[in-house]
Amino acid sequence: QQPGISRTSVLIERVMTANANIENEEKDEKLEQSIEQEQEEKESAREIARRLYNKRKSKNPESASDANDAILINKQDEQLTKQGTNSPEERKDAQGLYDEAVEEWTTFMFVLVLSLEIATNMTSSLSQQNGIVQDNDEMEWESSDEIEEYIATTIMQDDSGPNQDEKFLFDQIEQSFFPERVMNLMTNVTQALNTLFSSPEGADTPKVIFQQLYQVQSKCGACIGNMAASMHNWRKQEPESRQILRTLIDAMQTIVCNTGTPASSTSCLSRAMVSVSRSRSITIQEVDDKDLALLLSLLVRNNSETKEEEEEASETRLNAVVLLGIMCSETHTEEVNALICHSLLNSMNNDESVLVVGEILNVLMDMYADDDAYHTVFKNEGVLSKFQSILPTFRQRIKETSNLSPDEEVNLREIALNASRFIKYKKNDSNNN
């Protein structure tokens, strides 16, 4: 792994050096154009010398200094010809060197990306890939019983683990130390991005470097998420298991600070964080205040310009909600609960994705299902009244959202049904108390 990272550093330096040479050539060219413009506006030194020479010669044609003056003018001509920037050929060479450096960089990174993509597919258990897609055109719901019956018969979860062939493959992969190499690669890519973001030269870094680093980082995240979910013997001890999530959080901390980060990078890393948290039972006690602030900031992340980026950004927000739900499944302080509850309620009222809103309702219902669980926070934040306020709108949005898959629609309708029951239960509980 280390030679690969060294190679990466060398290639980055080569691209940046070649890019700097082109920028210097462009600056010199502009300077030359400025000088030439000034010379056009003023009488040049060569013209002054010729005029004086011709004047002396007209007065004294036999002057002995004629030869010396002619030599002097020729030297001035040569100097003026050499002034300015490099020749067009030299500028072309600089561009050629840059193109070669970029090609070598992209080729090297493409091999990494392709290798990681293959590894990601290899480490994905068949049980992770299974899923039934039902044709559900113009589905109408007459009653809650009909919804529950459809859910029971249609949404089937395959809880079976890897089969024997997969177990053998995963054992071989683990014994080859491949998972650790991917972890090291992720750490080194994160460090490389940190260095570029923090260095004075970072602002001048060609976009192609960031694009490739983001892509490798995303592929590493996807591979790590699959390995954590499928390879149960890999880093199964608690300190090592937590380090998997730590690596992903550090990567996310790095890229969210940069406004140029593509939405696909945050969605991919957040997806991997969900996979690790689910498979390794990560709780809120295992993240610090900075990590929690990161997760809460993802709730409002919307770095998108195109429809595709908008979908990626909404997936990041959805994954952040899921992560908070997983981590809050264990006991935590009321202060932390109040902070999370307030953030979730704010997103519930403002998020443009009905899927995100549905998941927030789910998490809040799980969080406050127990009457004694954070009752003060539940009351102070007005969770019940906000559920009552949003439920009609939520139901309407389910009907109006045309791009939902059948499974998504069923899931959202189930959430709406559960939310209605949750409201009734909490109202009765409030009346009794």
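The model is predicted: local features need pLDDT of at least 70, side-chain atom pairs count only at pLDDT 80 or more, and totals for chains, interfaces and linings use all residues. Numbering starts from 1 along each chain as its sequence is written, and side-chain values use heavy atoms, without hydrogens and water.

**Stop 1: α9 and α11.** Select residues 207-230 (helix α9) and 263-280 (helix α11). Helices here are DSSP runs of H or I, at least four residues, numbered from the N terminus. The two pack at about 15°, axes 8 Å apart. Axes are lines fitted to C-alpha atoms over the stretch in contact, and angles run from 0 to 180 degrees between N-to-C directions. That makes α9 roughly parallel (under 35 degrees) to α11.

Now show the side chains. On α9, the contact (heavy atoms within 4.5 Å) includes Tyr214, Gln217, Ser218 and Gly221. On α11, Ser264, Ser265, Cys268 and Leu269 are among the partners.

**Stop 2: Ser218.** Stay on helix α9 and pick Ser218. Beyond residues up to four places away in sequence, Ser218 touches Ser264, Ser265 and Cys268.

**Stop 3: Glu408.** Move to helix α18, residues 406-432, and select Glu408. Leaving aside neighbours within four places in sequence, Glu408 contacts Leu355 and Asn403. Leu355 lies 53 residues away along the chain, yet the C-alpha atoms of Glu408 and Leu355 are 7.9 Å apart.

Note on methods
Angles under 35 degrees count as roughly parallel, over 145 as roughly antiparallel, 65 to 115 as roughly perpendicular and the rest as oblique.
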